Amino acid sequence: RSHMAGGYNTTGYRNGDGVLVTQGQTAVTQATSITTGVTCSAYSGVITTVSQTVAAGAEAEFTVTNTKVAATDIVVACIKTHTSAGTFVANVSAVAAGSFNIQLTNLHAATAGNNVLVINFIVLKAEA
């Protein structure tokens, strides 16, 4: 008999294909600048950045305060929509208890960013 720690909860389910689905996605919008932190305490979320101007070949980083995150968790981020000039990628550069950092890199050789980026993230729980 298999046994899992903890109890049943309703934060997610398996869809018809057997894929885990996390419920309760929360949306936030960044204020002031591309390095201004946001608070989004959910297992998945959508972050809309300010209209940024990250230079070609440059990076910007901001902190997401999230009470659901433990230092042992895996956080994944990706760009959902991209209406900005430049060629952006998003990655999680640090994870700590209660927060994680998103780093935006403009891979374009000549063109700076000029608009908002919409970023999706998900927190995958892990135990040491």
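So, what share of the 128 residues in the chain is buried? It comes out at 31%. Keep in mind that this is a predicted model.

Okay, the overall layout. On contacts, if you take pairs with a separation of 6 or more, 66% of them join residues 24 or more positions apart. As for the surface, the chain exposes about 7,300 Å², and 53% of that is supplied by carbon and sulfur atoms.

Strand 8 pairs with strand 9, residues 99-106, in the antiparallel sense, over eight bridges. To pick out a bridge there, Ala90 has Leu104 in strand 9 as its partner.

Leu104 takes us to the core. The largest nonpolar core has 22 residues, and Leu104 is among those touching the most other members, along with Ile47, Phe62, Val64 and Ile102. Strands 6, 7, 8, 9 and 10 each supply at least two residues of this core, and strand 10 gives the most, with four. In general, nonpolar side chains tend to be buried together in soluble globular proteins.

Last stop, Val64. Leaving out residues up to four places away in sequence, Val64 touches Val38, Cys40, Ile47, Gly98, Ser99, Phe100 and Ile102. That's me done, thanks.

How values were computed: Residues numbered from 1 in each chain as written. Predicted model: local features only at pLDDT ≥ 70, side-chain atom pairs only at ≥ 80, totals over all residues. Heavy atoms only, no water. Buried < 20%, exposed > 50% of the residue type's maximum accessible area, 1.4 Å probe, protein only. Contact = heavy atoms within 4.5 Å. Areas by Shrake-Rupley, 256 points an atom, 1.4 Å probe, with all protein chains shown as cover. Pairing = 2+ DSSP bridges. Core = buried A, V, L, I, M, F, W, Y, C linked by side-chain atoms within 4.5 Å.
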